[in-house]
Amino acid sequence: MVNKDSSQYVNWFRHSSPYINAHRGKTFVLMLGGEALADPNFANIIHDIALLNSLGVKLVLIHGSRPQIRARLEEQNIVGRVHHHLRVTDTDTLRCVIESAASLRTEIEAKLSMGLANSPMHGAKIRVCSGNFVTARPFGVYNGVDLCHTGEVRRIDQEAIRQQLSMNNIVLLSHLGYSPTGEIFNLAVEDVATQVAISLDADKLILFGENGGVRDSTEVLRSELLADTAERLVSQYMTKHSAPDQVPSELCRHLQAAVKASRHGVARSHLISYREDGALVSELFSRNGIGTMVIEQSYEQVRPATIEDVGGILELIRPMEEAGILVRRSRELLEAEINQFTVVALDGAIVGCAALYPFPEEQIGELACVAISPEYRGGERGESLLHAIEAAARAQQLNRLFVLTTRTAHWFIERGFEPTEISSLPNRKQEMYNFQRNSKAFSKPL
């Protein structure tokens with residue numbers, strides 16, 4: 001017999017197949033700061049990158065080296081300076097910057113070249129391409145201070161990068177940029193990652209950080225964050241905590257990058273942890289993910305059901321039918337009544353549903369088959385469904401809703417429903433009433 005662990009693995013693998021199909025051929029930009037490269041879990045991240053490459057994902061890796069630069073500056077007794085959140089890169093500092101970036105690039109290339117037997121890298125045969133794909137310009141003098149060799153992205157050679165990606169090569173970039181005059185500039189790694197993602201019209205920008213996402217006031221991870229909300233959080237942080245002589249926090253920098261990418265057409269940016277083993281795979285191949293996704297508009301929709309949703313609705317309500325919470329519906333009946341249903345759809349999956357059956361003669365409607373997937377309860381999806389059903393009822397000039405329930409009476413009472421007699425229901429519904437189920441009736445004026 002298959003043991004429990006094997007069964008869970010098979011179940012997860014089967015449910016990941018839609019994401020495998022969806023990600024194949026897509027372009028992902030991955031940003032790894034120097035902290036991520038120094039973490040013990042970096043070896044596992046390399047294995048996950050190799051997995052993505054083998055699944056046909058086009059990858060651009062961009063690495064930073066802030067802690068490595070600081071260490072070299074300290075070794076050489078060079079005092080680093082920050083002005084208005086930007087590092088001042090003088091000639092001595094630039095030398096440390098170049099040495100750090102070059103050393104890390106070589107280390108990453110070496111790890112991506114591994115192919116040991118009995119390891120996740122066996123047979124990978126990954127080709128890594130680096131080059132002068134980032135053209136930069138000097139930041140110049142800012143508020144009276146010359147930032148020297150600190151620069152900003154001027155242009156990304158997107159055609160050259162796409163050519164390498166088309167050959168299934170992984171493109172590896174650092175935070176260094178080059179000018180037409182032959183100068184080298186130290187760039188913010190977040191700026192490089194964002195500009196690369198925008199110029200390539202990437203499908204995802206993935207930012208590895210220490211904490212792996214945004215948490216609310218109760219320390220609960222936010223799995224999804226709208227760009228407007230992320231921008232507001234950045235503004236609040238910069239106002240309260242950020243001093244001009246300090247580099248903003250990692251989370252703040254990552255949110256700024258995600259917002260900018262979102263504003264310029266990158267559909268999804270993900271903040272995940274470089275410390276958590278398997279975070280990259282869990283974020284990309286499961287519905288809930290493991291980090292925070294920043295998007296321009298929510299991918300969760302409350303909408304009228306279509307015939308294509310029948311399978312998802314059946315899968316959603318089947319456990320509740322078996323538990324006696326909902327009345328059983330056949331596929332044929334559901335297909336015939338699909339126009340009565342409203343669903344909550346997340347990434348193409350049906351995670352909630354409800355139906356409205358009108359009785360226009362009495363100007364009353366029945367709210368039925370209210371169901372939310374166990375994995376998605378605790379939020380406001382039930383309320384969203386109820387609001388949608390109420391709006392649909394008003395559009396049909398109904399002035400009251402009623403519901404029959406055996407197990408969820410309190411949920412409806414908390415939302416304005418009051419107990420009512422079966423005799424107050426429409427005549428057709430009274431004739432169909434199942435006395436064996438002994439459902440309680442509740443109604444609500446609209």
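I take buried to mean under 20% relative accessible area, exposed to mean over 50%, and partly exposed to mean in between, with a 1.4 Å probe and protein chains only. I began with E99, which at 30% relative accessibility counts as partly exposed.

**Ground rules**

I am reading a predicted model, where local features need pLDDT of at least 70, side-chain atom pairs count only at pLDDT 80 or more, and totals for chains, interfaces and linings use all residues. Residues are numbered from 1 along each chain as its sequence is written, and side-chain values use heavy atoms, with hydrogens and water left out.

**The whole chain**

I looked up the secondary structure and found 15 helices and 23 strands. Helices (H or I, at least four residues) and strands (E, at least two) are DSSP runs, numbered from the N terminus. The C-alpha trace spans about 90 × 55 × 35 Å along its principal axes. The chain has 446 residues, and 45% of them count as buried. Its accessible surface is about 22,600 Å², with 48% belonging to carbon and sulfur atoms. I note that such areas come from the Shrake-Rupley method with a 1.4 Å probe, and that for residues only the protein chains shown count as cover.

I then checked contacts, meaning heavy atoms within 4.5 Å. Among those between residues at least 6 apart in sequence, 72% join residues at least 24 apart.

**Helix α4**

Which residues of α4 are buried? In this helix (residues 66-75) they are Q68, I69 and L73. Seen down the axis of α4, the buried residues fall within an arc of 135 degrees, so they line one face of the helix. The arc is taken from the directions from the helix axis to the C-beta atoms. On the other side of α4, I found E74 and E75 exposed.

I also asked what the buried residues of α4 pack against. Their partners are α2 (34-38), β4 (86-88) and α5 (91-112). Just after α4, N77 takes a positive phi of about 55 degrees.

**Salt bridges**

I count a salt bridge when a side-chain nitrogen of Lys or Arg is within 4 Å of a carboxyl oxygen of Asp or Glu. The structure holds 18 of them. Side chains of opposite charge can pair when their charged atoms come close.

My next stop was R72 with E99, a salt bridge at 3.2 Å, N to O. This pair links distant parts of the chain, with R72 in helix α4 and E99 in helix α5, 27 residues apart. R72 has a relative accessible area of 24%, so I log it as partly exposed.

Next I looked at E296 and R263, whose closest N and O atoms are 2.9 Å apart in a salt bridge. E296 lies in the loop between β16 (292-295) and β17 (300-304), and R263 in helix α9 (residues 250-263), so the pair ties together parts that are 33 residues apart in sequence. E296 is partly exposed at 39% relative accessibility. R263 is partly exposed too, at 32%. I traced a network of salt bridges here that links D228, E231, R263 and E296.

Then I turned to E383 and R415, whose side chains meet in a salt bridge at 2.6 Å, N to O. E383 lies in helix α13 (residues 381-395) and R415 in the loop between α14 (409-413) and β22 (418-420), so the pair ties together parts that are 32 residues apart in sequence. Is R415 buried or exposed? At 18% relative accessibility, R415 counts as buried. E383, at 22%, is partly exposed.

I found β19 (residues 349-359) mostly covered, with 10 of its 11 residues buried. Strands count as paired if DSSP finds at least two bridges between them.

Strand β18 (residues 341-346) pairs with β19 in the antiparallel sense over 6 bridges. T342 stands opposite A354 in β19. The two strands form a hairpin with 2 residues between them, and D347 in the turn has a positive phi of about 55 degrees.

How many bridges join β19 to strand β20? I read 7, with β20 (residues 364-372) running antiparallel to β19. The bridge partner of A355 is A368 in β20. This hairpin has 4 residues between its strands, and Q363 in the turn has a positive phi of about 55 degrees.
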